[in-house]
Amino acid sequence: MTDQAAPPHSLPLQGEHLSFRSPGAFEIDDLGFKMALTGNLTNANSLTGDVRVVSGRVTRDFDVRDLVISPRIVEGYGKASPPSTFEKTLALDLTVRTIGDTFLVQNNIAPELYMLIDLHVGGTTASPALSGGLRPTDG
């Protein structure tokens, strides 16, 4: 048996009108995406595409003292396992943006603040890199 590289692949991923909730933290009421997972399954994989948030809101309250004095640790999710080789090598090239100003921040710091989101997610799934911006539009 010869040692051959895995053949290249391209898997299109698409979703529309999806919802996702994390109680006490955020609610995404309408999410869409069009992405592609490409590579050769052993290394040199990438996930590229667009994620659109049509409507959603952040509801998690913040303790300002914890944000200033010490790093915030989200408890209750258990200890993270070390990243797999796939996670270490899966390159990300994603755009995350809102459609209009339908994303609402509603918590103890901002009782009603609408935001435009325009972010780029690069790096890898094990070590993502964010760039871009969040811009308040009203509130």
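These are my notebook entries on a predicted model of a protein.

**Conventions.** I number residues from 1 along each chain as its sequence is written, and side-chain values use heavy atoms, with hydrogens and water left out. As the model is predicted, local features need pLDDT of at least 70 and side-chain atom pairs count only at pLDDT 80 or more, while totals for chains, interfaces and linings use all residues.

**Overall.** I looked up the secondary structure and found two helices and seven strands, in the order β-β-β-α-α-β-β-β-β from the N terminus. Helices (H or I, at least four residues) and strands (E, at least two) are DSSP runs, numbered from the N terminus. Of the 139 residues, 27% are buried (under 20% relative accessible area; exposed is over 50%, partly exposed in between; 1.4 Å probe, protein chains only). Among contacts (heavy atoms within 4.5 Å) with a separation of 6 or more, 52% join residues 24 or more positions apart.

**Thr98.** I placed Thr98 in strand 4, residues 91-98. Thr98 counts as buried because its relative accessible area is 9%. Neighbours within four places in sequence aside, Thr98 is in contact with Val53, Phe103, Met115, Leu116 and Ile117. Its side chain also reaches the backbone oxygen of Gly100 at 3.3 Å.

**Aromatic rings.** I found one aromatic pair. The ring centres of Phe20 and Phe26 are 5.5 Å apart and the planes are at 35°, so I noted the pair as tilted. The cut-offs are centres within 6.5 Å, with planes under 30 degrees apart stacked, over 60 edge-to-face and the rest tilted, for rings of Phe, Tyr and Trp (its six-membered ring). Phe26 is partly exposed, at a relative accessible area of 27%.

Methods:
A polar contact is a pair of N or O atoms within 3.5 Å; within protein, one must be able to donate a hydrogen and the other to accept it, and residues adjacent in sequence count only if both atoms are side-chain atoms.
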